[in-house]
Amino acid sequence: MTASILVVDDSRTSATKLAKAVIALGHRAAKASDGGEALRRLGEEEFDAVLLDIVMPGLDGYGVLEAMGSDDALSEIPVIVVSSLDDETASVVRAIELGAVDFLPKDFEPPILNARMEAVLAAKRLRDRELTYFRDVDRLIKAAHIIEAGAFRPTELAIEDVSTRSDSLGRLAIVFQSLAQEVYVREKRFDQTARTLRGTILVLIAGLIFGIVPALGRMTAALEVPSLGVVVWANSVAAVACFGIGIVRGGRPKIRKRHLGFFLIWALVLGCFYQIATVTIASHVEASMIALIGSSRGFMVFALAALIAVERPSLQRLLGLGIGFVAVSAVLFGQGGGSAADSILWLGAALLLPMLLAIHTILMTWRPREIDAFMTVGIMMALSTVMLAPVAIATDTMIWPSAGGGRVGMIILVLGLASGVAVALALHIVAEAGAVFAGQIAYSQTLAGIAWGMLLLNEILPLIAWLAFGLVLVGFWLVQPKKAGEEFSATIPIGR
Amino acid sequence: MNASVIDIDALRRLLAVIGGDTEDLDELLRDFQSEAPELVDRMQLASRLGDIDALRIAAHTLKSNARDFGAVELSALCATMEQECRDNRGSEHGEKVDEIAVQMALAVQELSKLVEVGLNASGATD
């Protein structure tokens with residue numbers, strides 16, 4: 001087997017002679033003219049053995065041996081000292097004490113050089129195999145520790161090299177790696193199922209809470225109270241409630257300068273534009289038609305998320321959104337929604353509502369994660385109150401505590417609490433399951449709106465609504481929350 | 001060939017050590033012919049400066065190289081010089097270095113002839 005040998009000799013004649021002798025034996029040879037150059041080349045290239053002269057100006061052979069002995073990377077490279085035995089016996093003894101494995105007289109015979117080189121190289125190859133084996137055992141032990149310590153990712157185990165071994169250690173690594181991979185895939189699948197279930201439940205709860213808003217809106221309209229004034233007070237209640245819940249949860253509104261842009265845009269989109277647009281459009285377009293148009297929000301989130309690469313689009317997710325939309329549309333048309341002759345212009349304007357909600361859903365993916373969800377909503381609601389209150393006062397649509405009595409106060413309280421909690425839940429769903437999945441809140445919100453109407457306004461819940469609910473659930477399953485990324489870690493419970 | 005200056009058997013051994021290629025031996029001879037005068041210059045300088053260690057190292061190197069090329073007398077003179085330096089004996093090294101210089105010139109001259117006529121003609125590859 002060809003080996004790579006470093007010849008160290010200050011005499012270029014002696015170095016050339018040794019190098020040519022080494023090459024004649026079928027090995028590769030490189031030359032270094034002093035101790036310093038030898039150490040530099042040893043640090044840069046891999047050598048299987050060193051033929052080292054002792055007497056050299058500058059760093060001599062002893063110095064090279066001492067430096068190699070104290071360097072873990074070099075201490076395993078065997079050194080044969082090349083010496084004139086007739087007058088340097090003491091030198092050879094000292095060199096061997098410093099770590100040289102053998103010596104060679106300067107006037108060596110080729111068979112002697114060959115025999116010593118082969119013996120040294122055989123020992124080196126055996127040592128290299130031993131070191132590789134120990135290193136691989138060490139890596140397997142480390143991989144076992146990672147699994148034992150708790151959560152792991154297959155890439156963390158770093159035993160791919162060990163599994164390429166052809167011996168039993170390699171087989172052990174393959175089995176170990178396969179089992180770890182199997183557990184990881186299973187855990188990831190289980191996590192996805194759990195996320196779907198958790199996401200579905202949260203979307204239903206958020207929709208159920210948010211769905212009460214239209215019913216409360218209709219109740220407010222019946223009391224002839226200006227909607228904008230109600231919104232200003234409801235947002236204030238939401239802000240106070242969310243701050244309160246946030247403080248109880250241990251959060252503090254640690255707003256940094258870099259967060260200001262996010263909060264301002266979010267407050268404008270959801271707290272101002274959406275609220276004002278809802279109030280304005282609701283007076284021109286039938287509520288059921290607004291709900292129907294609002295259900296397209298899922299598709300808008302899907303398109304926006306794909307456009308700005310927040311989430312990966314897929315046909316299955318699009319199909320899931322389509323099923324939900326068909327189900328909700330069937331209910332709304334079944335109820336006679338859309339029968340009123342709303343003007344095309346206002347119907348077009350109504351598309352602004354789901355678009356604003358879609359932007360709001362995407363915005364939620366960029367929320368500052370270090371701020372508690374309720375605190376985040378509280379800040380946004382407070383900001384939108386500050387923005388809307390002057391508009392309400394200027395347009396003479398602001399209401400004051402005396403107006404409407406206790407019934408209006410109760411509506412404002414419930415509306416504020418429902419809005420705050422539902423948006424905080426939506427924040428959580430976006431973080432957990434992604435914006436596209438959270439976009440389906442539109443469906444659960446519409447269906448819940450019908451249910452709340454039945455409860456609060458004695459409306460009749462049609463049978464088709466129940467069928468639609470089932471279809472919406474099927475849609476949830478098809479849309480699936482965003483998958484866990486490479487950061488997902490699996491856990492194998494190990495008894496001690 | 002001056003048998004007292006170059007030992008042809010030593011050259012044969014050297015040729016065997018490097019694998020039997022005469023071109024490689026030619027290359028080695030050229031190395032020796034250029035390095036040996038440098039080593040003698042170094043010895044002369046060290047002798048003038050009284051740098052015993054440098055003198056010893058140069059003598060040691062020339063001793064080994066001369067032995068490889070069969071320059072027996074030169075190698076012996078260098079060995080004596082190295083030993084004296086090691087034992088710190090002898091205060092006047094200049095004359096001995098001059099003697100080494102003469103022997104080195106003779107050896108280089110003889111080896112040049114070998115390069116010119118070729119080793120086959122001189123019987124080194126018999």
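## Briefing: chains A and B

Of the contacts in chain A between residues at least 6 apart in sequence, 80% join residues at least 24 apart. For chain B, the share of contacts between residues at least 6 apart that join residues at least 24 apart is 64%. The model is predicted. Chain A and chain B touch, with 18 residues of chain B in contact with 18 residues of chain A.

**Chain A: overall**
- Chain A contains 21 helices and five strands.
- Of the 496 residues in chain A, 43% are buried.

**Chain A: helix α3**
- In helix α3 (residues 61-69) of chain A, the buried residues are A:Gly61, A:Tyr62, A:Val64, A:Leu65 and A:Met68.
- These residues lie on the same side of α3(A), because the arc they cover around the axis is only 160 degrees.

**Chain B: overall**
- Chain B has six helices and zero strands, and its pattern along the sequence reads α-α-α-α-α-α.
- Buried residues account for 41% of the 126 residues of chain B.

**Side of chain B that touches chain A**
- In this contact, 18 residues of chain B meet 18 residues of chain A.
- Two or more residues each come from α1 (8-17), α2 and α3 (52-68) of chain B.
- The most is given by α3(B), with seven residues.
- By class, this side of chain B has six nonpolar, six polar and six charged residues.

**Helix pair α1(A) and α2(B)**
- Helix α1 (residues 12-24) of chain A packs with helix α2 (residues 22-49) of chain B at an angle of about 165 degrees, and their axes are 8 Å apart.
- Angles over 145 degrees count as roughly antiparallel, so α1(A) is roughly antiparallel to α2(B).
- The two helices, α1(A) and α2(B), have a left-handed crossing.
- On the α1(A) side, the residues that meet α2(B) are A:Arg12, A:Thr13, A:Thr16, A:Lys17 and A:Lys20.
- On the α2(B) side, they are B:Asp24, B:Glu27, B:Leu28, B:Asp31, B:Phe32 and B:Glu35.
- Sorted by class, the contact of α1(A) with α2(B) comprises seven charged, two polar and two nonpolar residues.

Definitions and conventions:
Residues are numbered from 1 along each chain as its sequence is written. Chains are lettered from A and ligands numbered from 1 in the order in which they are written. This is a predicted model: local features need pLDDT of at least 70, side-chain atom pairs count only at pLDDT 80 or more; totals for chains, interfaces and linings use all residues. Axes are lines fitted to C-alpha atoms, for helices over the stretch in contact, and angles run from 0 to 180 degrees between N-to-C directions. Helices (H or I, at least four residues) and strands (E, at least two) are DSSP runs, numbered from the N terminus. Angles under 35 degrees count as roughly parallel, over 145 as roughly antiparallel, 65 to 115 as roughly perpendicular and the rest as oblique. A crossing is left-handed if the near helix is turned anticlockwise from the far one by less than a right angle, and right-handed if clockwise. Two residues are in contact if their C-beta atoms, placed from the backbone, lie within 7 Å. Ala, Val, Leu, Ile, Met, Phe, Trp, Tyr, Cys and Pro count as nonpolar, Asp, Glu, Lys and Arg as charged, and the others, Gly among them, as polar. A residue is buried if 20 or more other C-beta atoms lie within 10 Å of its own, exposed if 12 or fewer, and partly exposed in between; C-beta atoms are placed from the backbone. The arc is that of the directions from the helix axis to the C-beta atoms.
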